[in-house]
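Please look through the chain shown below before reading on, and keep it in view while you follow this report.

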Amino acid sequence: MTLSPRSVLLALTMLSGASAVMVHPANATTSDSAEVAALRREMAEMRREMSVMRSELRTQAPSAAKAAHGRHVAARHTAPNYNSAPEQGIAFNQPAKVSYHASGDGRPVSDRGIVSSWEDFKRASADTEVVQVGGMKIGFPGGRPTIQSEDGKYAFSIGLAFHEDFGGFMGVSGAGTQAKSSQKFNSFTSNARRLRVPMTFRYKDWVANVTPDFGAGNNDGTVGLYEGNLNYAGLRNTILTVGYFQPRVTEEDAESSNDFEMMERPGITDMVRSIAAGDARFSIGGMHYEKRWWVGAYFTGQQFGGRNASGYYGGDGNINDSQTGGLVRAAGRPVATKDWDVHLGISAISAFKPSNGTHGRSFSLSQRPEVNLGESSMLSTGTITNVAQVWAAGPEFAMRWKRFVLKGEYYHVGVTRGHETLGGQAMHSLNFDGWYVAANYTLFGKARAYNIKEGAFAAPGVPESQEFNPAHGTWGALEISGRYSEADLNSRVNSADGIRGGRQQVWSGGLNWYPNRHFRVMVDFNHFTDAHTSLTIARHGNSLAARVQAAF
């Protein structure tokens with residue numbers, strides 16, 4: 001315990017008085033002994049020493065009081081510091097505010113549960129505005145609302161991927177067996193394309209994601225699951241996953257839907273991922289990334305609800321042997337400079353054993369004209385029976401030069417038939433293919449950039465200083481996109497075991513405006529054609545659609 005000079009002075013004074021009482025002659029006997037005389041001399045010496053000490057303390061006391069007064073005055077003019085540890089019970093600790101844009105560039109949040117190592121999570125949390133309540137911290141690491149324990153070991157995040165589409169079709173033609181009256185091409189309608197609520201539960205490097213989806217792809221009105229998985233992220237730049245998940249295959253599929261250049265993926269990549277990947281696919285596997293390369297591999301099974309006839313993703317209530325499959329994707333980044341990025345990759349996917357259900361071991365591929373507003377699928381193989389295996393493989397290419405991004409992919413799809421015969425003859429394998437090329441240019445705002453954690457390009461960024469604010473002359477980010485895609489589902493069309501699924505071509509153009517990192521407005525125009533190898537039944541048409549997006 002530290003005593004002030006005033007306290008020491010008072011104690012010495014009391015001790016001096018006590019010693020005086022003890023040695024006063026009135027308190028001594030008439031026959032003073034030599035010992036009492038010696039004690040009297042000792043006490044007298046102590047009184048002299050204490051007198052000197054009192055004089056010194058009287059000199060120091062005004063200086064100490066003046067210093068204490070100075071500290072009190074300075075405290076009145078110094079901002080309070082709330083950065084110390086919280087008191088027991090409920091307390092509020094509000095550190096100096098640091099915008100989460102400070103070290104970031106304001107790109108949209110992912111459309112799924114965010115999985116990262118505990119160290120990465122703590123780094124992201126350190127660069128965010130935090131309010132502390134008791135032993136809990138509330139903040140927005142990466143732009144997603146998060147509650148975590150003070151040491152970051154426990155955390156819960158909740159996000160939003162809201163995509164509301166609206167628009168319609170114009171000039172859709174039909175002929176022959178494809179009568180216009182049988183088509184579903186609304187002149188104006190709307191669709192809740194995605195209404196996902198990602199929920200992430202963390203304990204250190206262990207992460208669980210559960211993401212319900214209140215949208216329904218092409219026709220809203222049902223509720224399903226986008227993902228439900230467990231992840232371990234304790235290994236360097238590596239994530240291991242088990243559960244219902246969207247394993248990444250193709251460059252387009254690797255991107256978050258919040259980052260898409262156009263409202264929908266190209267038809268060929270959408271069909272490729274449906275073979276053994278896609279949303280809510282049971283998966284066991286992992287991915288690893290570095291600055292210059294990315295690799296991922298997964299064993300996969302059925303989609304969520306695959307054995308339910310009314311499943312969210314479609315299903316078959318008569319399945320007695322579910323599908324098994326797998327995929328691998330590898331991507332490299334041989335050029336990575338301030339102005340240039342070059343991406344080279346390859347994706348391969350296979351349904352080793354298609355499910356065995358109502359039509360035996362069967363499979364089907366179909367695609368809409370790259371719009372999801374409840375329209376009909378013009379491109380479809382129908383149900384292909386006697387299927388032993390379905391596979392697809394192809395290369396990826398993309399490049400960025402400053403604000404300009406160019407990318408394209410090609411995929412070949414093969415269907416191997418089983419041992420059943422047709423007219424006494426073995427059934428032949430089927431072969432389909434498709435490709436696309438897309439270009440994008442950022443007119444203003446931070447241009448698209450390479451995302452090493454996905455092995456793909458991310459959307460433009462809007463730093464806080466550039467958010468839409470006409471009063472300050474800032475307008476967010478704006479980009480323009482164009483794409484041509486082709487998918488051919490015709491194979492052996494002149495044979496009894498052939499498929500006439502059609503050949504679809506889509507020309508697309510669009511504008512995307514980002515007022516800030518959390519919101520986006522998209523407008524797309526598509527012109528599409530479809531021909532089932534005969535010009536007499538060719539169809540064509542146009543669509544104009546828009547999307548409003550919120551991402552947290």
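Is aspartate 341 buried or exposed? Aspartate 341 is buried, because its relative accessible area is 3%, where buried means under 20% relative accessible area, exposed over 50%, and partly exposed in between (1.4 Å probe, protein chains only).

This is a predicted model, in which local features need pLDDT of at least 70 and side-chain atom pairs count only at pLDDT 80 or more, while totals for chains, interfaces and linings use all residues. Residues are numbered from 1 along each chain as its sequence is written, and side-chain values use heavy atoms, with hydrogens and water left out.

**The chain as a whole**

The protein chain has 5 helices and 30 strands, which are DSSP runs numbered from the N terminus (helices are H or I, at least four residues; strands are E, at least two). Of the 552 residues in the protein chain, 47% are buried. Contact means heavy atoms within 4.5 Å, and among contacts between residues at least 6 apart in sequence, 66% join residues at least 24 apart. The accessible surface of the protein chain is about 26200 Å², and 60% of this surface belongs to carbon and sulfur atoms; accessible areas come from the Shrake-Rupley method with a 1.4 Å probe, and for residues only the protein chains shown count as cover.

**Salt bridges**

A salt bridge is a side-chain nitrogen of Lys or Arg within 4 Å of a carboxyl oxygen of Asp or Glu, and by this rule the count comes to 31 salt bridges.

| Salt bridge | N to O distance |
|---|---|
| Lysine 153 and aspartate 151 | 3.9 Å |
| Glutamate 396 and arginine 329 | 2.9 Å |
| Arginine 400 and aspartate 341 | 3.0 Å |

Glutamate 396 lies in strand S20 (residues 387-401) and arginine 329 in strand S14 (residues 324-336), so this pair ties together parts that are 67 residues apart in sequence. Both glutamate 396 and arginine 329 are buried. Arginine 400 is in strand S20 and aspartate 341 in strand S15 (residues 340-353), and this pair links distant parts of the chain, 59 residues apart. Elsewhere, a network of salt bridges links Asp111, Arg112, Arg196, Asp213, Asp253, Arg265, Asp270, Arg273, Asp279 and Glu454.

Helix H3 (residues 118-126) has Trp118, Phe121 and Ser125 as buried residues. These residues cover an arc of only 60 degrees around the axis, which means that they are on the same side of H3; the arc is that of the directions from the helix axis to the C-beta atoms. An α-helix has 3.6 residues a turn, so residues three or four places apart point the same way. The buried residues of H3 pack against strand S2 (130-133), strand S4 (146-149), strand S5 (154-158) and strand S8 (199-203), whereas the face turned away from the buried side carries the exposed residues Arg123 and Ala126.

**Two buried residues in strands**

Threonine 241 belongs to strand S11 (residues 238-245) and is buried, with a relative accessible area of 5%. Its side chain makes a polar contact with the side chain of asparagine 231 (2.6 Å); a polar contact is a pair of N or O atoms within 3.5 Å, where, within protein, one must be able to donate a hydrogen and the other to accept it, and residues adjacent in sequence count only if both atoms are side-chain atoms. Glutamine 367, in strand S18 (residues 366-367), is buried as well, with a relative accessible area of 9%. Leaving aside neighbours within four places in sequence, glutamine 367 is in contact with residues including Asp270, Met271 and Gln504.

**A loop residue**

Glycine 171 sits in the loop between S6 and strand S7 (189-196), and this glycine is exposed, with a relative accessible area of 55%. Leaving aside neighbours within four places in sequence, glycine 171 is in contact with His540 and Gly541. The C-alpha atoms of glycine 171 and histidine 527 are separated by 9.8 Å, although the two residues are 356 residues apart along the chain.
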